[in-house]
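Open the model in your viewer and keep the sequence panel beside it. We will begin with the whole chain and then stop at a few selections.

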Amino acid sequence: MTLNGRFDFDRIAAWITPGERVLDLGCGDGSLLKFLQREKGVRGYGVELDPDNVTACIRNGVNVLQFDLERGLSGFEDDSFDHVIMSLSLQTVRHTVPLLKEMLRVGHEAVVSFPNFAYRPHREAIAAGRMPVSRHLPYQWYDSPNVRFFTIADFDALCAEQGIQVRELQAFADGRPVAGEPNLNGEVALYRLGRTGSGTRS
């Protein structure tokens, strides 16, 4: 786990070339962009709707734009960024497919992460008759900001249907990489996505 307390920061940084242009969607307080600026010298913006988070981004020295992602990324031209990132926020978006396509329109690659609803403890909670509550799904069913509950297998199928290339998948549990059966053993999924073309999944 990194000093940030976010195990995924190092993995995302490994996919970033120094000096890249990066757009971070649903950037929260700007911690990821601040980390990438320090470690990789990236240039770019965060996008955030919540006013308190926007203020926190400014305090963190992160360039931030305030608007609703559900309206798309029409303000950005094609290929404006090397990477467009959406970390642990995809499950909060209603218009999932349009946003993924927008991410790959404005960026050469997209990086997304989300809690895997098929994680073994989540299955056990449902088998016991309750909605799962965990570190990455910390809300009760009645106050959750999440509007989509999906699995690694679901996301793989969506990418195949939409012609989105999965270039790499990393699954984690307790902040450590999962070696086998990610849909069962992965608490969080982290994907590197591209347009249909060159590149392979690992």
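**The whole protein**

Start with a cartoon view: the secondary structure comes to seven helices and eight strands, where helices (H or I, at least four residues) and strands (E, at least two) are DSSP runs numbered from the N terminus. The radius of gyration is 16 Å, close to the 17 Å that the globule rule gives for 202 residues, so the protein is as compact as a globular protein of that length. That radius is taken over C-alpha atoms, and the rule is 2.2 Å times the number of residues to the power 0.38.

Before you zoom in, note that this is a predicted model, in which local features need pLDDT of at least 70 and side-chain atom pairs count only at pLDDT 80 or more, while totals for chains, interfaces and linings use all residues. Residues are numbered from 1 along each chain as its sequence is written, and side-chain values use heavy atoms, with hydrogens and water left out.

Of the 202 residues, 49% count as buried; buried means under 20% relative accessible area, exposed over 50%, and partly exposed in between (1.4 Å probe, protein chains only).

**Select residues 31–40**

This is helix α2, and its Leu32, Leu33, Phe35 and Leu36 are buried. Look down the axis of α2: the buried residues fall within an arc of 155°, so they line one face of the helix. The arc is that of the directions from the helix axis to the C-beta atoms.

Step just past α2 to glycine 41, which takes a positive phi of about 60°.

Most residues other than glycine have a negative phi. Aspartate 79, however, has a positive phi near 55°. You will find aspartate 79 in the loop between β3 (64–65) and β4, partly exposed, with a relative accessible area of 31%.

Next, select leucine 88, in the loop between β4 and α4 (96–106). Leucine 88 has a positive phi of about 55° although it is not a glycine.

**Last stop: glycine 129**

Is glycine 129 buried or exposed? Glycine 129 is exposed, with a relative accessible area of 59%, and sits in the loop between α5 (120–127) and α6 (152–162). Draw a C-alpha to C-alpha distance from glycine 129 to glycine 46: the two are 83 residues apart in sequence and 39 Å apart in space.
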